[in-house]
Amino acid sequence: MDEFLDHYDRAVHSDFLIHWTGKDLDKEHSPSWHTSGHRSRTSPELDQLYLERLRNILTYGLWMTEEGERTRNLGTAQITIPATPQCCFTELKLSESRRHAKSYGRLGIGVKRPFLFQRFGRPLAYFGYGEENSDDKFLEACSRDLRDKSLLNFFKPMNRDKLTYEYYAESEWRILYFEELLRDRKIIDPRDNANAAHHEYFKGLPPEHQRKLKYLIPLDGWFAMIIYPCLSIKNRAQWETKLGILDQIEKIKSVDDHGNRVEGPPGPRTGNWPIEVDLDATMHF
């Protein structure tokens, strides 16, 4: 036990991988939220939209979307990275949450690493000198030798143009689409009417969201954390039972899988429940 604790006392990586969402909501309803010092404020209307987003994630899963096909310069040649459905996560200390929330939205859904391992997810391989050009030999070899070019979506530049390494600082992980995941129902096709509940959810989305959403990744016992945009949303999620958020968390955490196993006597709620914290509080961790 002492050896285990000693190892984690010195860990430089977080045990939580966070998927961020809500950029679209903030852009429309609160584009300047991050300028108000350390306070993350919302309106009643935005509270409701974020609560609906959370309930939908807990009920149906995380969205897999596509980044368009990209062409990158690689030395004197060019490579094409195909558009591939994917879901992105950041590996971070909680105190870094605000910086990522500014870029990707203020609702964070945290999972443990095995959630990604079980879905062929992995950390990205970063290459240097920005998006426009690279002489990275590893990327060059992979672009030449990989039969499945979609795997090139596991590569990303460290920065845009200046050597600020803003992408590298995200410590990004990704889950990509693989047919095995669809077959094993690790991901769900919401366009398939055989998936009745997910299909109904899909049909209820605006057309622009239907075009964006490719697949859904249902949460399981490795679901471990919720970072709420603000305290008011956290309080409503925990106390307003009519929202159904607690029921969905309990449903996920009641599954008898490894991520939900805990020591000790059974309590009123089963499973290993997620950590819940609001965005402002994370700066103290």
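Me: What is E91 in contact with, leaving aside its neighbours within four places in sequence?
Reply: In this predicted model, E91 is in contact with H13, S14, F16, L17, R113, E170, S171 and W173. Contact here means heavy atoms within 4.5 Å.

Me: Where is E91 found?
Reply: E91 is part of strand β5, which covers residues 85–91.

Me: Why is E91 called buried?
Reply: Buried means under 20% relative accessible area. E91 has a relative accessible area of 9%, so E91 is buried.

Me: What separates the C-alpha atoms of E91 and E172?
Reply: These two C-alpha atoms are separated by 6.2 Å, while the residues are 81 residues apart along the chain.

Me: Happy to move on to the helices. What is the angle between α3 and α11?
Reply: Helix α3 (residues 44–60) packs against helix α11 (residues 245–253) at an angle of about 25°, and their axes are 9 Å apart.

Me: Why is α3 called roughly parallel to α11?
Reply: Angles under 35 degrees count as roughly parallel. The angle of the two helices is about 25°, and that makes α3 roughly parallel to α11. The crossing of α3 past α11 is left-handed.

Me: Which residues meet where α3 packs on α11?
Reply: From α3 come L51, L54, R55, L58 and T59, and they meet I245, Q248, I249 and I252 of α11. Sorted by class, this contact has 6 nonpolar, 2 polar and 1 charged residues.

Me: Now for the strands. How do you know that β3 and β4 pair?
Reply: Two strands pair if at least two bridges are found between them. β3 is joined to strand β4 (residues 77–81) by 5 bridges, and the two run antiparallel. Within this pairing, N73 stands opposite Q78, and T71 is opposite T80.

Me: Which residue takes a positive phi in the hairpin of β3 and β4?
Reply: That is G75, with a phi near 65°; the hairpin has 2 residues between the strands.

Me: To finish with the chain as a whole, how many helices and strands are there?
Reply: The chain has 11 helices and 14 strands. Of its 285 residues, 46% are buried. Among contacts with a separation of 6 or more, 75% are between residues 24 or more positions apart.

Conventions: Residues numbered from 1 in each chain as written. Predicted model: local features only at pLDDT ≥ 70, side-chain atom pairs only at ≥ 80, totals over all residues. Heavy atoms only, no water. Axes fitted to C-alpha atoms, helices over the stretch in contact; angles between N-to-C directions. Helix = DSSP H or I, 4+ residues; strand = E, 2+ residues; numbered from the N terminus. Parallel < 35°, antiparallel > 145°, perpendicular 65-115°, else oblique. Left-handed = near helix turned anticlockwise from the far one by under 90°. Nonpolar A, V, L, I, M, F, W, Y, C, P; charged D, E, K, R; others polar. Buried < 20%, exposed > 50% of the residue type's maximum accessible area, 1.4 Å probe, protein only.
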